[in-house]
There are 2 protein chains.
Amino acid sequence: MARAIFPAPDHDHERCASTAIAHAEAQCAARAQRLTPIRRQVLEALLASHKPLGAYEIIERIAGDTRPAPITIYRALDFLRDNGFVHRIASRNAFVACVHNHADDDLVVFLICERCGAVGEAPGAGVAEALKASSRTAGFSAKSPLIEIAGICSHCRER
Amino acid sequence: MARAIFPAPDHDHERCASTAIAHAEAQCAARAQRLTPIRRQVLEALLASHKPLGAYEIIERIAGDTRPAPITIYRALDFLRDNGFVHRIASRNAFVACVHNHADDDLVVFLICERCGAVGEAPGAGVAEALKASSRTAGFSAKSPLIEIAGICSHCRER
DNA sequence: ATATTTATGTTGCACTGCAACAAGAACCGC
DNA sequence: GCGGTTCTTGTTGCAGTGCAACATAAATAT
């Protein structure tokens, strides 16, 4: 189980990336949205790293003969986030591809390894309950919970 | 109880600010740390607003005849954060004064009102348990959980 | 009093994030 | 197919974030 959340350093990137792309394509088709070349490239870049990337890092990775402007990246990211293919890691001002196909408003807990930079998504069902209770006490109607935890991941710990 | 978490719009700023300053002074004295004029000014600016402020907003508010450089503000913020007097609201790239004297590694849940911008700190004891369990399952040793929830606060909702 | 630590000033820069407008590409109805 | 609408991308520009690196000043320690 522990291994399921943090991708092993030697796992098959190719396969998990192509699965995610396929999922994105299917979702877009279903919603009549367009996974344009740029959007696809941004998603692929994030999938290929499994770590949070900043806008400039994304530019680096998808730059060929031409360099996309930052705004282009941000627009692609906005699209990908709106459709749940990408998450923003606020504590790092960075973005990471989602590999979990969770439902729209599922609560997700991001576990961020301080050593290798990997990000795991832990299911947050139990946490969600506690959070709901906590915010209700404050007379607060919650919308989008953001949970990010820094620490050391299982793979880095083993060494 | 609901009222305790979000400061009422008409509450006594003066008093709650001076209490927090006094607390910061005491803590600094106890730890042989210096609450210098700049650090104090930054803390006071944040206390006076009860909303998250960005670095430039802080500069605006403490600028007299001279304008402190951004780095000066960031350094003061680093100090205040290290000592637990100020929290960073990552989802907004902003900072807010802490008015709760919680213990060093207490888990705090930030409730951020999308309408008025106020930030409440809800106690997160129950959430902490669930989170610990969740991250342990992932073989993850957690350090500093960050929980931010956007929504509508009790005061704004009443209208 | 001098050395050491600690804090602030100064300069400079890379990165974030987006607004506003222009131009191009895809889709729709006729 | 054609023109109009909508969606997407390109271009320019800018305010804000966040900090590195070095110089200077202030406080503490010896």
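Reader: Is B:Phe140 buried or exposed?

Author: Happy to start there, with the reminder that this is a predicted model, where local features need pLDDT of at least 70, side-chain atom pairs count only at pLDDT 80 or more, and totals for chains, interfaces and linings use all residues. Residues are numbered from 1 along each chain as its sequence is written, chains are lettered from A and ligands numbered from 1 in the order in which they are written, and side-chain values use heavy atoms, leaving out hydrogens and water. The scale calls a residue buried under 20% relative accessible area, exposed over 50% and partly exposed in between, with a 1.4 Å probe and protein chains only. With a relative accessible area of 4%, B:Phe140 is therefore buried.

Reader: Thanks! How many aromatic pairs does a search of the whole structure find?

Author: Rings of Phe, Tyr and Trp (its six-membered ring) pair if their centres lie within 6.5 Å; planes under 30 degrees apart are stacked, over 60 edge-to-face and the rest tilted. Over all chains, the number of aromatic pairs is 2.

Reader: How are the rings of A:Phe6 and B:Phe140 arranged?

Author: Their centres are 5.6 Å apart and their planes at 5°. This pair crosses between chains: A:Phe6 is in the loop between helix H1 (2-5) and helix H2 (13-31) of chain A, and B:Phe140 in the loop between helix H6 (125-137) and strand E5 (141-152) of chain B. Helices (H or I, at least four residues) and strands (E, at least two) are DSSP runs, numbered from the N terminus. Given that angle between the planes, the pair of A:Phe6 and B:Phe140 is stacked.

Reader: And what is the relative accessibility of A:Phe6?

Author: A:Phe6 counts as buried. Its relative accessibility is 0%.

Reader: Which residue does A:Phe140 pair with?

Author: Here the ring centres are 5.6 Å apart and the planes at 5°, so this pair is stacked. A:Phe140 lies in a loop of chain A and its partner in a loop of chain B, so the pair joins two chains. Both residues are buried. The partner is B:Phe6.

Reader: Which ring does the charged end of A:Arg39 sit over?

Author: A charge sits over a ring if NZ of Lys or CZ of Arg is within 6 Å of the ring centre and within 35 degrees of the ring normal. In chain B, B:Arg39 lies over the face of B:Phe79, at 3.8 Å from the ring centre. The charged end of A:Arg39 is 3.8 Å from the centre of its ring, that of A:Phe79.
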